[in-house]
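Reader: Hi! I'm new to reading protein structures. Could you walk me through this one?

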Amino acid sequence: MESIVPTGIHGLDKILSGGFPQGSVIVVEGAPGTGKTTLGLQFLYEGATKDNEGGLYITFEELPNQIYKNALSYGWYIHKQEASNLLRIVSISPELLMQEVGKQGGLFEQIVQEVNCRRVVIDSISLFRYGSDNEETLRKKIYTLRNILRKLHITSLFLREQTYDQSDTTAFENYVVDGVIRLSLKPLMVSHRIRTLEVLKMRGTKITEGEHNFNFTDAGIYLSPLYSMVEDPALSQPALRLPTGIPGLDDLLQGGLPKGSVFLLDTNSRANYEYIINGIYFERLREGDRAIMVLSSTTPLTLLQQYAKMYGVSLEEEVRQGKVCFIDHYNRPIPAGFEKSTICLGGMDEMEGQRRVEQWLVSTDQDPREGKEWVVFYDFNTVYTYRGAQSTKRLFADEVARSRTNGSTVLALCNFSEMDPELASFLERVGNGIIRTWVDGNYQYLQIVKSPGGYMSAPRMIENISGYPFIRLV
Ligand SMILES: Nc1ncnc2c1ncn2[C@@H]1O[C@H](COP(=O)(O)OP(=O)(O)OP(=O)(O)O)[C@@H](O)[C@H]1O
Ligand SMILES: [Mg+2]
């Protein structure tokens, strides 16, 4: 396997799964002031100081003095590395470089040997454009350079100035290189900007997609990889997981819903959540767990029976074994045989409702404290519509408390955007995890936006499939 060259830049190696594949040629593009020079220098400095790898900085634009000063502002005293033949700053014209690189025993080859060069930075390849009368010669120069560096197994960064009018087009340079990193300055709120780094392409290594924020610190670039900044080791203890059975979702959940957690499924009105809820509900039943289902306004028991057939579960049998319980806020018809397992809360006050549920748990001898897995499926949209914000809040707090004491796992459907904002923020805060699903264009997406371990996932697409469980994430 190809070896990996760590960049040594905090966070960057993490999103590159270790670093750049050795010998690859990578374009680092960005508008003026986005940090290209800093990234290039840091790559060489880290290589020289941490990995004892020789580096060569070729600049067309700035004088070496400028580069030393720049480096010194981050505390990189590169004269020292130069003295020990681990670094070389070369200020040269693009024409001269092109003449020398191809030459046997030329200046380039000499320097490469002198510093035992493993890393090269060229600042910047944009200047090639000026010396080239047409695209063809420009292309040839980039190819030549790329091939020579590749052959020498030197990992190289080609810095490229991104001008405003090109920001949406892909420069041809990006096609011929192995990787592309884009640095940007993005507006943040009203009067701030945030620096971001995105890996657009990297052959031969797994990358974490998305725009990652970074800062300039006293020690150079410090990048915070997306979604993984708030990992709390105390909370990410491997708890027992209850797999959802939905392909892709269990990976995002690191195995499934953590036992004893309270998860919210935040969905907007256009998103189809039935398959997510049903998929998890029937998967848990198939796995032998017990479940309480708070029926939503759109899913009466009779409809749930139909779903059960589709998912290959006999609800009648589950009822006979006392493993399921249904709670209905509307006094809808109860199918024959389901009477003892259905609690109709219509017209009942919530205290009474809670008491009935507790009673039911004890009467069935299915107390979760007995080591039996219980999963509670809630529909807070229904509760909210039916009983209002205050009751929903109380009910949720009770549910969380109960789950803490008896170890049941809760999945509650809600729609934050259509709820009272104070209630929504309460639910978001108190819940251990949030799975968000939404529709954008012609696709539905799903993302873990909160989890007990602090982990957030990238958004994933939901795809319908013909067999059980009828959806999967891609
Ligand atoms: N020591 C430092 N601490 C914090 N920020 C710094 C430091 N040194 C430089 N900067 C900031 O980093 C910015 C970008 O630096 P850099 O020269 O790496 O960008 P660049 O993309 O190479 O820009 P250009 O296109 O002008 O060459 C500077 O404009 C400055 O605001
Ligand atoms: Mg620069």
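Reader: Which strands form the open sheet, and in what order?

Author: Nine strands form it, in the order S5-S4-S6-S7-S3-S8-S9-S10-S11, with mixed pairing. Strands are DSSP runs of E with at least two residues, helices are runs of H or I with at least four, and both are numbered from the N terminus. Two strands pair if DSSP finds at least two bridges between them. This is a predicted model, where local features need pLDDT of at least 70, side-chain atom pairs count only at pLDDT 80 or more, and totals for chains, interfaces and linings use all residues. Residues are numbered from 1 along each chain as its sequence is written, chains are lettered from A and ligands numbered from 1 in the order in which they are written, and side-chain values use heavy atoms, leaving out hydrogens and water.

Reader: Which strands stand at the edges?

Author: Those are S5 (87–91) and S11 (220–224); each has a single partner strand, so one side of each lacks a neighbour in the sheet.

Reader: And how do S3 and S7 run, parallel or antiparallel?

Author: Strand S3 (residues 25–30) and strand S7 (residues 155–161) run parallel, joined by six bridges. Within this pair, Glu 29 has Arg 160 of S7 as its bridge partner.

Reader: New topic: where is the hairpin with Phe 470 in the turn?

Author: That hairpin is formed by S22 and S23, with six residues between them, and Phe 470 has a positive phi of about 75 degrees. S22 and S23 (residues 471–473) pair in the antiparallel sense over three bridges, and Asn 464 has Ile 471 as its bridge partner in S23.

Reader: Which residues does the cis peptide bond with Pro 469 join?

Author: Tyr 468 and Pro 469, with omega about -5 degrees. Pro 469 sits in the loop between S22 and S23. Another cis peptide bond joins Asp 123 and Ser 124, where omega is about -5 degrees.
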